[in-house]
Amino acid sequence: MPRERALTHSFVQASEVIGRDDDKENIIRLLQDSSDSEQISIISIVGIGGLGKTSLAKFVYNDERVRNRFQLQIWVCVSEEFDIKILTEKIIKSTEDGMRHLEKLSKMEMDQLQRILREIIGDKKYLLILDDVWNDDPMKWNQLKELLCMGANGSKILVTTRSNKVASIMGTIPKAYELWGLPEDECVALFTKFAFKEAQVKRYPNLLKIGVEIVKKCKGVPLAVKTLASLLLLNTDESYWKSIRDSELWKIEQKETDILPALRLSYEQLPAHLKKCFAYCSFYPKDYEFHNWELIQFWMAHGLLESANQDEEPEDIGLRYFQELGSRSFFQDFEIVEDILIKCKMHDLVHDLALSLTQNEFLAIASSTTHISHSVHHLLFPNSALLPQDLSTLLQGLDRVRTAIFQRDEKSPSSQSNLDSYLLRFQYLRMLDLAHSKLEISLDWIGALKHLRYLHVHGNSRIKKLPNSICKLYNLQTLQLCVGIEELPSDIRYLINLRYLMFSTKQKFLPKNGIGCLTSLRFLGIANCENLEHLFEDMQGLKHLRTLVIYGCESLISLPQSIKYLTALEILAIVNCENLNLTLEENEKDDHKHFAQFNLQKLILKKLPKLVDFPEWFLQGSSNTLQFLKLESCEYLKELPVCIQI
């Protein structure tokens with residue numbers, strides 16, 4: 001899974017922001033003020049965590065008056081790491097023109113980045129949002145400010161922060177804009193929106209009365225109100241509501257850096273299986289953008305998915321857990337990507353709660369001097385460039401480590417020639433993530449990690465070919481091999497427990513008796529295979545495959561006949577394959593009884609210029625199951641099949 005820190009995105013529904021209309025108007029007035037003599041003025045919004053600073057900034061950012069005033073709008077989530085080069089890259093990435101340089105940015109020196117930034121901003125009047133700033137080092141801020149001293153007069157930078165010190169260091173407008181708690185009536189309105197379904201309020205006046213008393217204990221913090229309201233939704237047991245109101249957790253003295261009692265309460269009410277899954281989310285960094293698929297595979301690798309029903313698929317159990325945590329407001333900012341992937345974030349206060357639960361088991365190693373307790377089972381290396389050449393002392397006594405993740409290093413190439421021998425010690429390793437890192441590693445020893453369930457090497461430019469010994473990983477469930485891999489291991493068919501495979505390859509053909517033999521496979525993603533002309537012919541072997549995604553395979557000419565026999569397939573997405581002809585030649589010997597079992601629920605066809613006649617075989621047997629059909633940028637398609645025409 002990619003380990004980049006996610007940006008808080010700039011979109012917000014106006015209906016989601018309650019009680020901030022006056023604050024919004026005040027901030028917009030500051031942005032419109034042209035009396036400031038500074039070329040660029042900096043406005044700081046400051047307030048404790050959970051008040052909705054980010055939501056307010058989004059609310060302002062998307063206002064039509066603001067859009068009309070600034071020629072260029074940029075949104076960057078800063079969070080705890082205030083590195084000038086990384087921030088410059090983020091600013092460039094957040095612009096439309098900057099997307100052209102996306103793949104090259106991490107390889108560029110600071111001078112090149114500065115030149116691109118000048119080209120993008122030029123003499124435009126711009127608005128830059130720097131969300132969630134923690135840096136209180138004036139020298140670092142001055143370095144960034146010097147870079148941003150361009151653009152037309154009237155350009156503005158809007159900063160959100162929890163720290164008054166940060167606000168005073170950064171702001172050119174002398175007084176920071178302080179955000180306070182919501183008034184009680186607004187909090188009650190927010191609580192009612194999330195705790196009751198429509199028309200329920202009138203049916204349960206006693207619950208509303210108790211709810212008002214709970215709201216008072218939240219002290220005007222919207223996150224606390226929303227979290228508890230989500231907890232109480234659909235529960236009409238009056239005694240349960242009273243237990244939340246009268247909880248001992250409210251009596252804990254609340255310090256500025258403490259976890260909100262409302263969040264602790266919500267966590268305590270989770271069933272045991274969800275408590276574990278939530279706690280494991282702390283292993284991801286703050287502001288991380290979660291994907292439902294990767295999170296489910298992550299939980300699966302660590303054996304966290306439980307069900308009384310033996311026939312229930314682990315992926316379905318994981319999706320249920322994901323949705324339940326989302327419904328209780330442990331996740332937020334949901335976004336559906338390409339109609340098949342759900343992305344979301346975790347509020348940083350919620351992340352702090354998760355981290356407080358796992359501080360003895362999870363550890364991020366920030367430097368070679370980090371002390372590691374033997375109770376630690378999960379290791380995150382946030383910056384592989386800082387790893388010492390001799391890891392023996394650092395990793396001594398950690399033979400029972402279950403997770404090792406080496407994050408992307410944006411700053412400089414890194415090598416670690418002896419890393420292989422140290423990772424080989426982790427005989428109980430269940431998850432190894434080397435995605436986007438620049439570590440020199442051979443993986444010749446990988447077959448010895450018999451307990452490994454999750455391996456991710458996407459985007460690691462040092463890994464061109466995987467050793468065939470990877471095929472000895474009989475317990476492997478998740479394998480991501482995108483970008484850089486020249487060919488798949490020849491014995492891949494022996495990965496008998498593989499359920500999730502995402503890969504890229506430079507091969508022209510995929511041989512028989514390879515992927516087609518992976519009978520446990522539930523998800524198959526084939527992405528950015530620029531040379532691939534034909535898929536494997538024995539696709540009918542994937543009798544349990546539920547999702548097939550084919551993306552960015554520009555040389556792909558056709559699909560195999562055997563695709564019609566994927567009787568368990570529910571989701572099929574084919575995107576950006578410019579030479580793909582989807583017409584399948586009928587064979588008189590085809591056994592048509594299989595067609596009736598074709599079970600598609602979601603079909604997505606996008607950027608397919610060779611699509612002229614809609615392939616009827618997509619719908620054979622799926623006319624009663626298909627729930628979603630998306631056709632986009634298929635400009636030569638003549639017409640839809642009669643059975644789905646409106």
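Q: Helices here are DSSP runs of H or I with at least four residues, strands are runs of E with at least two, and both are numbered from the N terminus. How many helices and strands does the protein have?
A: The secondary structure comes to 18 helices and 20 strands. This is a predicted model, in which local features need pLDDT of at least 70 and side-chain atom pairs count only at pLDDT 80 or more, while totals for chains, interfaces and linings use all residues. Residues are numbered from 1 along each chain as its sequence is written, and side-chain values use heavy atoms, with hydrogens and water left out.

Q: OK, and what is the mean pLDDT of the protein?
A: The mean is 84, and 86% of the residues reach 70 or more; pLDDT is the predictor's confidence in each residue, from 0 to 100.

Q: Where is confidence lowest, and where highest?
A: Confidence is lowest in helix α18 (residues 419-424), with a mean of 76, and highest in strand β17 (residues 547-551), at 96. Separately, pLDDT stays under 50 over residues 1-12, for which the model has 64 contacts beyond four places in sequence, a contact being heavy atoms within 4.5 Å. It also stays under 50 over residues 592-596, where the model has 8 such contacts.

Q: Changing topic: how much of the protein counts as buried?
A: Of the 646 residues, 52% count as buried. Buried means under 20% relative accessible area, exposed over 50% and partly exposed in between, with a 1.4 Å probe and protein chains only.

Q: Which residues touch the most other members of the largest nonpolar core?
A: F278 and W299 do, in a core of 84 residues. The largest share of this core, 7 residues, comes from helix α11 (residues 222-232). A nonpolar core here is a set of buried Ala, Val, Leu, Ile, Met, Phe, Trp, Tyr and Cys residues joined through side-chain atoms within 4.5 Å.

Q: What does W299 touch?
A: Leaving out residues up to four places away in sequence, W299 touches C277, Y280, C281, L304, L305, G318, Y321, F322 and L325.

Q: On to aromatics, then. How many aromatic pairs are there?
A: The count comes to 17. Rings of Phe, Tyr and Trp (its six-membered ring) pair if their centres lie within 6.5 Å; planes under 30 degrees apart are stacked, over 60 edge-to-face and the rest tilted. For F196 and W241, the centres are 5.5 Å apart and the planes are at 40 degrees, so the pair is tilted. F196 lies in the loop between α8 (184-195) and α9 (200-203) and W241 in helix α12 (residues 238-245), so this pair ties together parts that are 45 residues apart in sequence. Both F196 and W241 are buried.

Q: Which residues do ring pairs link into a cluster?
A: Y280, F283, Y284, Y288, F290, F298, F322, F331, F334 and F362 are linked that way.

Q: What lies over the face of F59?
A: K24 does, at 4.3 Å from the ring centre. A charge sits over a ring if NZ of Lys or CZ of Arg is within 6 Å of the ring centre and within 35 degrees of the ring normal. R400 likewise lies over the face of Y428, at 4.6 Å from the ring centre.

Q: Last topic, the backbone. What is phi of S329?
A: S329 has a positive phi of about 70 degrees although it is not a glycine. Most residues other than glycine have a negative phi. S329 sits in the loop between α16 (314-327) and β7 (332-337) and is buried, at 9% relative accessible area.

Q: And is E338 buried or exposed, or in between?
A: E338 counts as partly exposed, at 31% relative accessibility. This residue lies in the loop between β7 and β8 (341-345), and its phi is also positive, near 50 degrees.
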